[in-house]
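Subject: Handing over a structure

Hello,

Here is the structure I promised to pass on to you. Please open it beside this message, and then read on for what turned up in it.

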Amino acid sequence: MATEMHNLSAYDASVVADGKGRKVGILYAEWNSEITYALRDGAVKTLIDNGVNSEDIDVKSVPGSWELIFGAAQMVKSGKYDSVIAIGCVIRGDTPHFDYICEGVTAGLSKLNVEYDVPVIFGLITTNNLLQAQERSGGRLGNKGDECAVTALQMMATFK
Ligand code: DLZ
């Protein structure tokens with residue numbers, strides 16, 4: 001699933017669903033904040049560019065990507081949102097911690113998608129180094145926050 005040939009910010013605005021009236025929760029992790037703030041800002045801008053009212057977007061932070069599971073669960077269970085976008089960045093280090101966090105967050109968010117009727121969008125960047133994360137948070141390969149926003153719009157339109 002290489003993103004090398006794909007710009008994460010590229011989308012056809014003429015086919016993206018209108019977000020007017022949709023309520024979106026955005027959750028972002030403070031770890032690697034240089035990256036996650038850019039992803040968060042990209043997601044907010046793209047939602048607004050496609051019709052979501054700024055008052056209908058709630059943005060909350062959690063300490064690290066691990067906490068995205070609990071935070072997203074709370075947002076989903078609140079019943080306030082038509083979609084929840086979970087944003088984090090895990091960069092591979094010298095220990096297996098990377099693998100545990102990535103697997104745990106992926107499993108946790110997957111479970112929410114199966115058990116609840118609110119689509120949870122996977123905005124977790126998992127990279128081998130900081131450069132790869134920068135390339136995907138507004139750099140050479142676009143911004144995964146934009147991609148998450150477009151995905152949320154499409155999911156809300158298709159299933160609500
Ligand atoms: C502890 C930790 C480490 C080593 N690396 C990251 C990371 O690259 N990205 C991230 O979002 N969080 C990291 N964390 C923090 C964990 O996600 C979590 O916040 C702590 O283990 C406390 O539960």
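Below I go from the overall fold to the ligand and its surroundings.

Please keep in mind from the start that this is a predicted model.

The fold

The protein is built from five helices and six strands. If you follow the chain along its sequence, these elements come in the order β-α-β-α-β-α-β-α-β-β-α. The radius of gyration is 15 Å, close to the 15 Å that the globule rule gives for 160 residues, so the protein is as compact as a globular protein of that length. For a sense of its extent, the C-alpha trace spans about 45 × 35 × 25 Å along its principal axes.

You will find the ligand in the second largest pocket. Two elements each give two or more residues to the shell around it, namely β3 (83-91) and α3 (97-115). Of these, β3 provides the largest share of the shell, with three residues.

Which residues are around the ligand? They are W31, N32, G64, S65, W66, E67, C89, V90, I91, H97 and I101. By type, the shell divides into six nonpolar residues, four polar ones and one charged one.

- E67: an N or O atom of the E67 side chain lies 2.6 Å from an oxygen atom of the ligand.
- N32: here a polar side-chain atom is 3.3 Å from an oxygen atom of the ligand.

How much of the ligand does the protein bury? Taken alone, the ligand exposes 490 Å², and the protein buries 71% of that.

Happy exploring, and best wishes

Notes
Residues numbered from 1 in each chain as written. Predicted model: local features only at pLDDT ≥ 70, side-chain atom pairs only at ≥ 80, totals over all residues. Heavy atoms only, no water. Near = heavy atom within 4 Å. Polar contact = N/O pair within 3.5 Å; in protein donor to acceptor, adjacent residues only side chain to side chain. Areas by Shrake-Rupley, 256 points an atom, 1.4 Å probe, with all protein chains shown as cover. 1 Å grid on protein atoms, 1.4 Å probe; cavity = no way out; pocket = protein on both sides within 12 Å on 5 of 7 lines; lining within 4 Å. Sits in = over half its atoms within 2 Å of the grid points. Helix = DSSP H or I, 4+ residues; strand = E, 2+ residues; numbered from the N terminus. Nonpolar A, V, L, I, M, F, W, Y, C, P; charged D, E, K, R; others polar. Rg over C-alpha atoms; globule rule 2.2 N^0.38 Å.
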